[in-house]
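This report is written for a reader who is meeting the structure for the first time. Please look over the sequence and the model below before reading on.

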2 protein chains.
Amino acid sequence: MGKDLIDKTDQKIMKLLQQDARMPLAKISQLISMSSPSVKERITKLEEKGIITGYRATFDLDKLDRGMTTFVMLKTEKCQRFIELCRKSKWITDLYRISGEYNFLLKIQTNSLLELKEIQNDLMEYGPSKSFIGMEQLISNQVDISYS
Amino acid sequence: MGKDLIDKTDQKIMKLLQQDARMPLAKISQLISMSSPSVKERITKLEEKGIITGYRATFDLDKLDRGMTTFVMLKTEKCQRFIELCRKSKWITDLYRISGEYNFLLKIQTNSLLELKEIQNDLMEYGPSKSFIGMEQLISNQVDISYS
DNA sequence: CTCCTCTTCCTTTTTTTATTAGGTTTAACA
DNA sequence: TGTTAAACCTAATAAAAAAAGGAAGAGGAG
């Protein structure tokens, strides 16, 4: 039925699109030695199969006054309400349900401790939590495509 | 000197490009009621200012046999060597230096516990660590652009 | 084996999109 | 008040994407 195999060529295309989602077909086709209609056909198939899920611009969070990263682990029983709160929050960029002592792991991007304090206040009522300030991002969402 | 102000229009453009980095200028220009050369000019400036840092394709990690997410917090004194190891690792997609009891926070994407076990072995020699399995990603890198 | 079908790729043509050129308006400021 | 710079526009040109049509090869069924 659903054979989602991707070959070496697909991998190369995906790698290029991961680096630059707006790279023209002509350039991709040149880099991997394949005609641009064929490249396009492969990309379309990868999209249809749901392997490529989208294309996003990335921003410099410092320049958007969101340079401060904080991770929070939190334990709560009011899960649905908590998730809603996170979705509405302008500062929470990532939310995971996790195993272990805590239920959730949040990534928060704020300008300063001021906003962070406000968020912490909101979170407090949901249960105990632990926070870590992110000092430096050394690797950022680098998915290695080779052999999948 | 470097006034990095972005206005309402820039925000709208950025929001659209965050949703779909490959949206044609014509569509953006229609959605925000501005001519496409003007839209292009703004995008170019946002890139030049370093506010827009890139465009990336996103993938379904399940379909790439990388569906399992694990977070590891680790304390080590061999920082440089540890960072090198992480950079070389095919499975580690994110690495942060953090404050507190642990030095580093890693995000690991594997197929199964098997690969995870191998990684844990490698990590062990660097120092004590704590792991959490990510059960579900509820919010994924959603940066709210409004008022920056 | 041989015909059929499906996939993948190609080249060529057409359509769409991006870029450039040139000009208008407005605001800031000497 | 004249000058400059920024931001926008329209129109023309250049570039890229999409569509059309077809060839080559792999695998299955008779």
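B:N141 lies in the segment after β5 (129-139) of chain B, where strands (E, at least two residues) and helices (H or I, at least four) are DSSP runs numbered from the N terminus. Although B:N141 is not a glycine, it has a positive phi of about 50°, and with a relative accessible area of 36% it is partly exposed; here buried means under 20% relative accessible area, exposed over 50%, and partly exposed in between, with a 1.4 Å probe and protein chains only. In chain A, A:N141 is found in the segment after β5 (129-139), has a positive phi of about 55° without being a glycine, and counts as partly exposed at 37% relative accessibility.

This is a predicted model, in which local features need pLDDT of at least 70 and side-chain atom pairs count only at pLDDT 80 or more, while totals for chains, interfaces and linings use all residues. Residues are numbered from 1 along each chain as its sequence is written, chains are lettered from A and ligands numbered from 1 in the order in which they are written, and side-chain values use heavy atoms, with hydrogens and water left out.

## The annotated domain and the nonpolar core

An unreviewed UniProt entry carries the annotation "domain: HTH asnC-type" for residues 6-69 of chain A; such positions are given in the numbering used here, feature names are shortened, and annotations may be inferred rather than shown by experiment. Over residues 6-69 of chain A, the chain is 52% helix and 16% strand, with the end C-alpha atoms 35 Å apart.

The largest nonpolar core has 40 residues, of which A:I28 and B:I28 touch the most other members; a nonpolar core is a set of buried Ala, Val, Leu, Ile, Met, Phe, Trp, Tyr and Cys residues joined through side-chain atoms within 4.5 Å. The elements that give two or more residues to this core are α1, α2 (25-32), α3 (36-48) and β1 (52-59) of chain A, together with α1 (8-19), α2 (25-32), α3 (36-48) and β1 (52-59) of chain B. Neighbours within four places in sequence aside, B:I28 is in contact (heavy atoms within 4.5 Å) with B:I13, B:L16, B:L17, B:M23, B:V39 and B:I43.

The structure holds 1 cavity of 30 Å³ or more, and the largest cavity has a volume of about 40 Å³. On a 1 Å grid over the protein atoms alone, a cavity is a set of points where a 1.4 Å probe fits but cannot get out, a pocket is an open set with protein on both sides within 12 Å along at least five of seven lines, and lining residues have an atom within 4 Å of a point. Grid points are joined across faces, edges and corners, and a volume is the space filled by probe spheres set on the points.

The lining of the largest cavity has 9 nonpolar, no polar and no charged residues, where Ala, Val, Leu, Ile, Met, Phe, Trp, Tyr, Cys and Pro count as nonpolar, Asp, Glu, Lys and Arg as charged, and the others, Gly among them, as polar. Among the residues that line the largest cavity are A:F71 and B:F71. A:F71 is in strand β2 of chain A and is buried, with a relative accessible area of 5%. Beyond four places in sequence, the contacts of A:F71 include A:L105 and A:F132, as well as B:Y96, B:I98 and B:L105.

## The second largest pocket

About 250 Å³ of space lies in the second largest pocket. Its lining has 13 residues, and the closest to its centre are A:K15, A:Q18, A:Q142, A:V143 and A:D144.
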